[in-house]
Amino acid sequence: MKLHVLILSAIAALTAVSCSMTRHLPDGEYSLAANRVLVRDNIVPPSEMEGYITQKAVGAWDPQIGIYNLSNENSQSLLNRFLRKLGKPPVAYNPAAVDATVQSMLNHLEYIGYYGSSVESMVQVRKRNVYVTYLVDPGKRFRIGSIKFDLPDAGEFKEDFLSDVENISIKEGDFLAASTLEEESVRSSSVMRNMGYYGLTKNHYSFVADTLSDPGIAHLTMAVKEYVRTGTEADARPLRKYYFNDVSITHDDNIRIRPRILSDFNLIHPGQMYRESVVNNTYSRMSYLNVFNSVNVSLTEVDTNKVDAAINLQHSRLQGFKFNLEGSTNSTGLFGISPQLNYYHKNIFHGGERLNVSLKGNFQSNPSQKISSTEFGASASISFPKMLGFPNRLFKGPSIPRTDVTASFNYQNRPEFRMSIINGSYGYSGTQFSNHLYYQVYPLQVNLVRIFDISRQFRESISNDPYLSNVYHNHCDFGVGGTFYYTTDASASPQGSYHYARLGVDLSGNVLSLLNRYLPQDGGGSRLIWGTPYSQYVKGEMQLGKTFSFGGSRALALRFLAGAGYAYGNSTQLPFEKKFYAGGASSMRGWQARTLGPGNSKPADYFIIPNQTGDVKLELDMEYRFGIVSILKGAVFAEAGNIWGMGSFLSDDEKFSFKTLPGSIAADWGIGLRVDAKMILVRVDMGMKVHNPVNDPGERWINPGQWLKRDNRTIHFGIGYPF
């Protein structure tokens with residue numbers, strides 16, 4: 001039987017079983033099949049109200065219901081336990097949950113400014129399935145007419161508060177809502193705490209709305225109470241400004257760190273007026289050092305207008321190793337593996353300096369053809385907790401830019417040639433906007449590339465190819481670069497939905513080009529430095545990503561990637577180490593790394609082991625992730641993209657062109673298994689080609705019955721998510 005027939009048959013069988021949602025329910029109980037929300041005139045989005053449904057329904061067509069129904073609940077066999085873990089049980093209808101939902105919806109409507117609302121529930125029973133519909137009728141809304149303030153007259157508070165009136169978020173003409181009033185009390189109390197009013201919270205604020213004087217209008221009075229009970233009447237405090245008194249910094253004895261570093265990062269000083277931002281920035285700066293496991297800044301009121309600040313820093317693991325591994329294999333017998341080992345130390349010189357040493361390799365071989373390719377790289381970087389050349393006192397915010405110095409060496413031994421790359425860089429990195437924006441800026445980047453032991457066959461091949469002859473030669477890069485990364489969730493392992501954007505820019509050769517008149521030339525007219533042509537180009541790469549979390553282990557991850565590089569001036573082509581490639585464990589998983597593209601072109605025969613590269617890259621990835629049982633998780637993914645070249649030397653099949661773009665897009669889909677042990681995630685993915693631009697035009701779309709054939713599938717191994 002053909003694969004697609006088997007798949008359709010399995011889906012039909014699973015659907016038939018899932019229709020019997022009540023199979024595992026006790027007698028007398030009903031299954032909650034569906035919830036529905038109808039809002040009058042859609043005044044409030046139904047999706048917003050659905051969030052207040054207390055008991056969620058499991059749809060009758062949910063395949064996990066079908067999987068669960070395949071089990072025998074009276075059996076504890078391994079198969080039945082696996083089916084129950086993999087599936088999802090039906091939901092037993094609970095009438096009390098409907099009443100709770102109605103009350104939650106009414107409370108929410110009043111909170112967002114709809115007064116006198118009504119919510120009715122309509123319950124329908126079909127056989128043993130229950131369908132609940134909530135009919136929502138939002139009530140009346142009031143616009144704010146005038147805003148008055150009731151403030152304490154004693155002390156400086158009234159004057160300080162009125163100085164911020166222009167920034168108040170509540171405006172005349174806005175709709176009255178408890179949600180916006182609460183937001184303003186939170187905002188205003190934060191502003192006042194930054195003016196010295198320690199202990200002031202949103203609980204000091206109250207609002208009175210007069211809705212009787214004018215129809216549809218609410219005249220608002222915003223009051224700030226001078227006293228707030230904090231336990232007993234004796235604990236109540238008037239509104240006054242506070243000042244820092246004693247400031248102490250303590251940490252574990254086994255952490256050796258120079259006191260000067262901690263004093264530079266601390267912004268809290270005795271005699272200084274209390275400001276919440278100073279406390280928060282000190283906390284962020286100490287945490288940003290990344291030397292301590294936890295940072296705690298505790299404040300204690302010691303007088304009528306003084307607070308002591310105690311900064312306590314807890315021990316952290318200062319050094320360790322990280323390991324990463326990717327591998328893939330396909331029908332040609334080519335096997336590739338890419339291990340990487342990193343050693344890190346967070347406090348190497350007892351001043352918050354981070355040392356990172358990395359060893360990585362890429363090994364490809366085809367035992368049947370007795371060919372192999374070896375790549376080995378070593379790098380070391382050190383990051384200083386300051387912007388060298390600038391004193392830390394210039395930076396008052398939550399973070400201080402770090403200075404990064406990096407050096408690396410890469411050696412490649414391919415059947416066609418051997419190559420070595422020496423790299424060095426100097427730059428600055430840091431975060432902004434509460435760690436949501438991370439940046440790296442390198443004013444100096446240097447690459448020295450040497451190619452030697454070129455095989456005679458490869459030399460003859462590239463001598464007849466103007467494109468390759470301008471790519472594979474000795475060269476050096478002198479330039480600048482930078483990376484900017486923004487994310488809505490800066491945690492190491494985001495648990496909810498989030499999105500991110502990454503932009504990388506690389507410029508080389510522009511400064512050296514100013515010295516062209518003083519530099520010697522080779523026979524082709526290229527200017528030389530140290531007897532080697534220097535590269536001149538611009539390259540940019542952008543990634544946009546979004547992950548939707550559906551609770552539990554279910555998530556949908558999307559990524560769009562676009563990049564392009566352009567050589568000019570002293571270069572006719574991008575250096576090959578700066579070119580893009582596609583395929584591999586994290587990109588177009590239907591292909592092995594460097595076996596796809598450029599465009600519709602077939603793999604070049606002058607590379608014994610594929611090394612396809614391009615000047616342009618476009619890629620769109622989608623992956624649905626779900627739990628299976630315990631630490632075992634699954635994924636279904638689909639990808640589309642390719643690389644292309646630019647230049648007059650290229651054939652039409654290789655060039656990037658909007659006219660031929662649709663036909664040159666590659667597409668694949670696949671399934672994956674992950675073992676998520678929290679500290680490490682190991683994955684195995686099988687990618688299957690759906691659209692192969694290398695094939696003849698009439699054969700590019702691959703029939704589903706051919707997806708599992710050896711030429712159309714690739715297996716990948718990896719650690720961590722692909723994106």
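The model is a predicted one, in which local features need pLDDT of at least 70 and side-chain atom pairs count only at pLDDT 80 or more, while totals for chains, interfaces and linings use all residues. Residues are numbered from 1 along each chain as its sequence is written, and side-chain values use heavy atoms, with hydrogens and water left out.

A search of the whole structure finds 25 salt bridges, a salt bridge being a side-chain nitrogen of Lys or Arg within 4 Å of a carboxyl oxygen of Asp or Glu.

Select Arg-40 and Asp-41 to begin, and you will find their side chains joined in a salt bridge with N and O 3.6 Å apart. Arg-40 is partly exposed at 37% relative accessibility, whereas Asp-41 is exposed at 64%; buried means under 20% relative accessible area, exposed over 50%, and partly exposed in between, with a 1.4 Å probe and protein chains only.

Next, select helix 7 (residues 178-193), where Glu-184 and Arg-187 lie three residues apart, about one turn of the helix; helices are DSSP runs of H or I with at least four residues, strands are runs of E with at least two, and both are numbered from the N terminus. The closest N and O atoms of this pair are 3.0 Å apart, and Glu-184 is buried at 0%, while Arg-187 is partly exposed at 23%.

Finally, select Arg-589, Glu-623, Arg-625, Glu-639, Arg-674, Arg-683 and Asp-685 together, as these residues are linked in a network of salt bridges.
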